[in-house]
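Hello,

Here is the structure we talked about handing over. My notes on it follow below.

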Amino acid sequence: MGLSVMRAGVVDNMSSGLGMSGWVVDPAAPDGRAAVDIIIDGERVARVAAHVPRADVQAHFRESFGLDVPADAGFFSKALMAPRFEGREVEVRVCFAGTDEPLTNGVARVRCGAGRIRALFAAEMAGHAGWSPAHVEVGDGVLRLSGLAAWPRATDDVPMLRADGGTVAPVRLQDGGGADDVLWFLPDHRRVTFTAEMALPPADSWPDGGFSVTLGWERGGTPLHPWQRVVVPRLLVMAGDRRAGSPPVPGHDEQARVLGQSVSAAQFEIGGYSTLHTMWAVIAGTDGRRPQDFRAILDWGCGCGRVLRWLAAERAPGQRIAGSDMDPLNVSWCQTHLAGCEVHSNGPHPPLPFADGAFDLVLGHSVITHIPLDVAETWFAELDRVLAPGGIAYLTFQGAYALLCSAHALGVDSLERVASAGADDSSRDANVRLDEAPDYYRAVFHTPEHLRALAGRRFEVVAIEPTAYGHFQDVAVLRKRG
Ligand SMILES: C[S@@+](CC[C@H](N)C(=O)[O-])C[C@H]1O[C@@H](n2cnc3c(N)ncnc32)[C@H](O)[C@@H]1O
């Protein structure tokens, strides 16, 4: 058939799991949507679909790995929970779907280590029940959610979707569906996909903060995750699908630089609103202040305004709302489309274009997550400078949980660096690329202890809340001294 592959069978030894990724070129699937079968010791264990990544992601592979990837090559990636292979040497074959014909370099023998990562991160593998909604939609007066969850095994209570007002609706849990791949490190939990839906009451009866739901139990009062919630903005539903006069939803390119993909308008808006209201809940629960208590708020690394648009829409009287980012494309999008806020550019290194003490809250959703370790300290100093005494920095970062979710893609070296040095920034992230600093944007991981020590040189560490951002990243709530 004249099939070829650029890179396949990149098999990492992930202790109790195996990660495989590669490129496939299949003339029978010229749009790059080929599929491959993963065969381990003769057993066909998974079929994986490939897709053609964005051109700049391809460019990243070309430069980082010296691969000449054709424009129509499909990329595939698969992580397998494989405790049954632990301690064994296995043969991994990556074949064109439905055949026994391996891709070029598609055969490898791999020794699966015996619980090395499990030993390094034992504490992180014990807890962390929670959920994250991969899909959120509102239509015909109904809220529909689905996503992945880590559900405790040892309970006889019944899972429920629960609204703030007390209304409950059933949740359907299903084993598998990719949950094993992502949540492989939680052996004491059921790793499931969930789906749930709830009829929305009339929007004019909702509280100002929107209609808020969480996953929990029928009888027990505590939610499955202390902070995770989905909040449907009242403004969004009151005018049908779109608010009259509301800013447009950014397009694919703008969103992809922030989310790695683009999502539906409802998901973009509800996701940003939920992120904002989770932040308010964490700040109220740890520092005690409410949104209207802040005189000036900076959304640092605001991207395409996912959260900023809602900060501006819900601005308290006299409150200053500002955003800044180092990505010129998204700064320009925000400047053109968002009202009620000011949006500035900043470089990859300090300073920010603001006066000393200009803000009493700086938020950074998934920004520290991308800043190289040798630059991070100068940014903590800069956030300290633009905050007034007593001001709060609310920063999300990739802690141990995010690290383990990403373990298959990262490889053992990164995990060992985090275990020994407390942090790792060795992986580039292809979503944002600056011409003046092409190596800048990384996927960075910190243990909570490392982040606490780094931030603690400047700030009082009020709280570190594991997985508070989307049941994935951890949150640091920091207070400026003095
Ligand atoms: C994952 S995106 C998150 C965007 C936004 N906070 C959100 O939650 O939708 C990370 C953003 O941080 C920005 N960024 C990274 N380092 C930055 C820095 N040193 N200063 C300003 N922005 C930065 C990137 O350009 C990108 O827009």
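Predicted model: local features only at pLDDT ≥ 70, side-chain atom pairs only at ≥ 80, totals over all residues.

**Notes on the model**

Val182 sits in helix H3, which covers residues 179-182. Setting aside neighbours within four places in sequence, Val182 is in contact with Leu148, Leu404 and Cys405. The C-alpha atom of Val182 is also separated by 8.8 Å from that of Ala407, and these two residues are 225 residues apart along the chain.

Next, the second largest pocket. Its volume is about 300 Å³. The lining consists of 18 residues, and Asp208, Gly209, Tyr273, His277 and Glu314 are the ones nearest the centre of the pocket. By type, the lining residues of this pocket are ten nonpolar, four polar and four charged. Helices H4 (234-238), H6 (265-286) and H7 (308-313) each supply at least two residues of the lining. H6 gives the most, with four residues.

Thr467 is part of strand S23, residues 459-469. Is Thr467 buried or exposed? Its relative accessibility is 3%, and because the cut-off for buried is under 20%, Thr467 counts as buried. The side chain of Thr467 makes a polar contact of 2.8 Å with the side chain of His225. Not counting residues up to four places away in sequence, Thr467 touches His128, His225, Tyr401, Phe472, Gln473 and Asp474.

Last, some backbone geometry to check. Most residues other than glycine have a negative phi, and most peptide bonds are trans.

- The peptide bond from Pro350 to Pro351 is cis, with omega near 15°. Pro351 belongs to the loop between strand S18 (342-345) and strand S19 (359-364).
- Asp140 is not a glycine, yet has a positive phi of about 50°. Asp140 is in the loop between strand S9 (130-139) and strand S10 (142-152), and at 78% relative accessibility it counts as exposed.
- Ser366, also not a glycine, has a positive phi of about 60°. Ser366 is in the loop between S19 and helix H9 (373-386), and with a relative accessible area of 19% it is buried.

Regards

Terms used: Residues numbered from 1 in each chain as written. Heavy atoms only, no water. Buried < 20%, exposed > 50% of the residue type's maximum accessible area, 1.4 Å probe, protein only. Polar contact = N/O pair within 3.5 Å; in protein donor to acceptor, adjacent residues only side chain to side chain. Contact = heavy atoms within 4.5 Å. 1 Å grid on protein atoms, 1.4 Å probe; cavity = no way out; pocket = protein on both sides within 12 Å on 5 of 7 lines; lining within 4 Å. Points joined across faces, edges and corners; volume = space filled by probe spheres on them. Nonpolar A, V, L, I, M, F, W, Y, C, P; charged D, E, K, R; others polar.
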